[in-house]
Amino acid sequence: MGRLVRGAVVVLIALVLILILAWALQRKLIYFPDRAAPPPAAGVSDITLSTSDGLRLSAWLIKPPPGTPDRRLAVLVAPGNAGNRSGRLPLGEALAGLGLTVLLLDYRGYGGNPGSPSEAGLARDADAALAYLSSQAGLPVLYYGESLGAAVVTALAVRRPPAGLVLRSPFESLPAAGREHYPFLPVGLLLRDRFPVASLVGQVTAPTVVVYGTADTVVPPSQSAAVAGRAAGLVSEVAVAGADHNDRVLLDGPQVLAAVTALITP
């Protein structure tokens, strides 16, 4: 009996230590920034965003190329949880080719920017990007969110309604996504950053498009479909057959661009 008790105590202590480590290190399991400032890119303007908590963030602005009719519409691109803005350059160039003025956002802690990412911090970063587009470009703004960025722009859309909303591979919430990858942890109790999407998207009446891959191994397609089912302004749900989360077809593929085109075409 004594050995059983001692064994149970050891197991309990180990579990407690695992939970403490998971709590302390959780943001390292959520955010995977490329902290290096990306090299200059042709046809791209470096801009600076000022956040409400005093950070100055670098971002890129891409205007429609010469010869492309300007739709007089901007798009704020909020990325996922990894890399930096250089990885979204093909998307930015493709959107600019549709006649849009594109702001490629890098969050705090990404792409040479100061600070550390958190749900509250990313909300401030998105607010700063929108403030820049509103004041400097003076254009109506479409929000485009990729994966984690879909949560960022959905919350932004509740605060500041957009001209339209594109959600690429959205999850229902961060705890819901986390349970898929860490089923052995009480994710719902541990997470400080929640990033709700399904519970907020019903408050967004702007025209909304949801795009996702049917073979997504990061965000279950069923979660993206659930977000589409809750979207008050849904105009299109695009399921790209056989596409995984990071496949190029979900970055700037024809289905993505066609969905955006349909959203912005009168």
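Val-44 sits in the loop between β1 (32-33) and β2 (45-50). The model is predicted.

**Val-44**
- Val-44 has a relative accessible area of 15%, which is under 20%, so Val-44 counts as buried.
- Beyond its neighbours within four places in sequence, Val-44 is in contact with Trp-60, Leu-61, Ile-62 and Leu-89.
- Ala-59 lies 15 residues from Val-44 in sequence. Their C-alpha atoms are 9.8 Å apart.

**Helix α3**
- Helix α3 covers residues 119-137.
- At 1.5 Å a residue, its 19 residues should span 27 Å. The end C-alpha atoms of α3 are 26 Å apart, which agrees.
- Buried residues of α3 include Gly-121, Leu-122, Asp-125, Ala-126 and Ala-128. Ala-129, Leu-130, Tyr-132 and Leu-133 are buried as well.
- An α-helix has 3.6 residues a turn, so residues three or four places apart point the same way.
- The buried residues of α3 pack against the strands β2, β3 (56-62), β4 (74-78), β6 (101-104) and β7 (141-146), and against helix α4.

**α3 against α4**
- Helix α4 covers residues 148-159. It packs with α3 at an angle of about 65 degrees, and the two axes are 10 Å apart.
- The crossing of α3 past α4 is right-handed.
- From α3, the contact uses Leu-122, Ala-123, Ala-126, Asp-127 and Leu-130. From α4, it uses Leu-148, Val-152, Leu-156 and Arg-159.
- These contact residues divide into 7 nonpolar, no polar and 2 charged.

Methods: Residues are numbered from 1 along each chain as its sequence is written. This is a predicted model: local features need pLDDT of at least 70, side-chain atom pairs count only at pLDDT 80 or more; totals for chains, interfaces and linings use all residues. Side-chain values use heavy atoms; hydrogens and water are left out. Axes are lines fitted to C-alpha atoms, for helices over the stretch in contact, and angles run from 0 to 180 degrees between N-to-C directions. Helices (H or I, at least four residues) and strands (E, at least two) are DSSP runs, numbered from the N terminus. A crossing is left-handed if the near helix is turned anticlockwise from the far one by less than a right angle, and right-handed if clockwise. Contact means heavy atoms within 4.5 Å. Ala, Val, Leu, Ile, Met, Phe, Trp, Tyr, Cys and Pro count as nonpolar, Asp, Glu, Lys and Arg as charged, and the others, Gly among them, as polar. Buried means under 20% relative accessible area, exposed over 50%, partly exposed in between (1.4 Å probe, protein chains only). The expected span of a helix is 1.5 Å times one less than its number of residues.
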